[in-house]
Amino acid sequence: MDYKTNNFMKTTMTDMLSLFFIFLFAFLFTFNNIFEGDTLWHLKLGQYIVSTHHLPYKDIFSYTIAGTRIYPVEWLFEVVWFFIYKASGVAGLITVKAIIGGLTAGFLYFSLQHYKINRYVSILLISGIYIISSGSHSFVTAAGSYFVDRPQIITYLGIALFVYITSIYDIDKKKTSWLIPLIMLVWVNMHPGAVFGMIFLSAWLMEGFIDLLKPHGKSKVFYRRLSVFFLSLFATVITPNSYHLYTFLFHHVASLGSEGGLEYIAEFMPPSLSQTPSMFIGLIVFTVIFLTGIFKMPLRYVFFGLVMLPLSFDMRRMVIMALIGIVCGIGSTVDVWIRWVKEHRNGHWFLIPFYAFVLVGLFTYEVYQYKTDFIGFKGIGIQKQFYPEEAVDFILSHHIQGNIYNAINFGGAVIFLGYPEIKDFIDTRLDPERFLLPEVSQSMNNPPAFDNLLDRYDVSYALVETYMPTDYTRLLPAPEWSLVYFDDYAQIYVKAGTDNDGLIKEYAYHVFNPYSFLFTVAPLLSPGTYFTKPGLLIDVQKLVKEVPYSAMANLAYGLALIYNHADYAGGLKYIDAAKRIMPFNPRILLWYGIEHGLDGNSRLMQESFNLLNTVLKYQEGASVKDVAFMNYVMGYYYYVAGLNKPAITSLKRAVKLNPDMTQASSLLNTIQ
């Protein structure tokens, strides 16, 4: 294979523009809000290490497993991340994460250019890895869910650096290869994924050994690789955890079954067409290209790919590591195809549109990422689904006593916001929290089992999600449990007969049921009955006073005012307030359109319903039946408002999505 000279002075303006383009693409792609709880407990552990000047080797954050042996294998990342957060807040974390994403892409681009890979092919392959990293149901709204604010991004950068440095070594055998052990020393203290760096170096060493066996093989070159390899291997045990890095990883690999709980963690599941289509399809495409060119690419990429690609089909968290490590081999294969096209007459008529597609297509993709970001992934902040700040503040300010049960996705926030006053029940740390996962997951649909779980750990109160369709009134039934706090993202239930009875007396909601309001059909199809239940108006009036920042509280109170004939104009104002707080929430858009349409404003009804359909189109997690039902409701209220034409359109869409929906078919026949 041919190599370019490693001379930056010879870099053309086109090369620099291409590098800037791919860096900017990767930067913007990964410039997302913090949208998981892992980042929060990483920050808290970093703060703990900085303030105490020692590493915890026993669990300190959870009362359920207090004192259990742990290994702080990511301590350096946690310390660095905490210092960044302390200096510049969430904005600094997100910016640094995006810069790491951009640098990873930049080093891969330079590596591909060392092999004289077509620059447009290089851009397409690198951006493809980032798009695949989303694992998204919608290629357009993907937000790069594997390029997140946690230590694995160091592994992506580390593998890219190893690819880059070894590609330089191929060109002029410069001493830059001695940087590899130093990089490994930092990497291994930031993320255990450094082990995959050792797999890459093993592949590089095997390639060197095979070259040594050739007639003109140079032993000096091989021994340099061997020295770099062993120095890097030595660096992996120069950590506070020493050899326990490897026992820690073996412990995880050996517990992939149901008892270990990893089967409940999405990252450890195989990529699939139904759950992670972009990742699944992308992995298939890259694997086919890899197998096609396996005899033409440098051997290190062959060896690395033969190890990592099978792991990727079994475990989706391996996919990005594998593709970063073999992208130069993939590029060499695709480049052969491009050269073949060039050699044929009129080949440029194919290539020019291809180049335009790469640049214009990726630019358009990035624009649509922001344009269709209805969930709010892009920008600076922490996703409220994982950060119930107000709810934790309610716990602390009201001194709720006893042990907490918290939803697993709230564990990081409980640690970050509440420790040491609150020790969490469960969180997303892999070791050793995951051993609670099977029991918790299996009991969510079994109230007696859930009750036994809470009794065993003497739970006094529960912090659970609002946005998840779980009926906590079954799992935490009255009168033993009372709802004392509700907002758009979190709910707090308190157990009677504990030291919190005074709180129940002052704050309990007796009629309002978050699950029935948000996830059942009764409010939508029988609002006159649902919102006139005795005591509901009093409950939601109290609710909106307690949490005026909650969109759902405003929505519930506005609807209660309307259907109790208390104040129609005032009810609309509260619904308008709900829409201002959460402008792209499907249920709010639906109610906003319904009530304004019934009030005679057909324009607002149509605008709201059209936006709702757009949101549903790009929203991940919405099932076909849910979308069909929403279209049925829109069609029904269009009909009630006297708008037959849009009613027919919505009902036809509902029937197409769910042919078994007899209500939609019947109403459609009536109108037609």
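This is a predicted model: local features need pLDDT of at least 70, side-chain atom pairs count only at pLDDT 80 or more; totals for chains, interfaces and linings use all residues.
The largest cavity has a volume of about 40 Å³, and its lining includes Thr466, Asp471, Tyr472, Gln491, Tyr493, Asn513 and Phe519. Two or more residues of this lining are given by each of helix H18 (472-475), strand S4 and helix H20 (514-519), and the largest share, 3 residues, comes from H20. When the lining residues of the largest cavity are divided by class, 5 are nonpolar, 5 are polar and 1 is charged. The second largest cavity, with a volume of about 30 Å³, is lined by Val73, Val188, Thr236, Thr239, Asn241 and Leu245; in this lining 3 residues are nonpolar and 3 are polar, while no charged residues are present.

Strand S4, which contributes to the lining of the largest cavity, also belongs to an open sheet of 4 strands, arranged in the order S1-S2-S4-S3 with mixed pairing. The edges of the sheet are formed by strand S1 (403-406) and strand S3 (481-486), each of which pairs on one side only, and the twist from one strand to the next averages 25°. In general, the strands of a sheet pair through backbone hydrogen bonds, in either a parallel or an antiparallel manner. Strand S2 (residues 459-465) and strand S4 (residues 490-495) adopt the antiparallel sense, with 5 bridges between them. Val464 has Gln491 in S4 as its bridge partner, and Gln491 is also among the residues that line the largest cavity.

Note on methods: Residues are numbered from 1 along each chain as its sequence is written. Side-chain values use heavy atoms; hydrogens and water are left out. Two strands pair if DSSP finds at least two bridges between them. Axes are lines fitted to C-alpha atoms, for helices over the stretch in contact, and angles run from 0 to 180 degrees between N-to-C directions. On a 1 Å grid over the protein atoms alone, a cavity is a set of points where a 1.4 Å probe fits but cannot get out, and a pocket is an open set with protein on both sides within 12 Å along at least five of seven lines; lining residues have an atom within 4 Å of a point. Grid points are joined across faces, edges and corners, and a volume is the space filled by probe spheres set on the points. Ala, Val, Leu, Ile, Met, Phe, Trp, Tyr, Cys and Pro count as nonpolar, Asp, Glu, Lys and Arg as charged, and the others, Gly among them, as polar.
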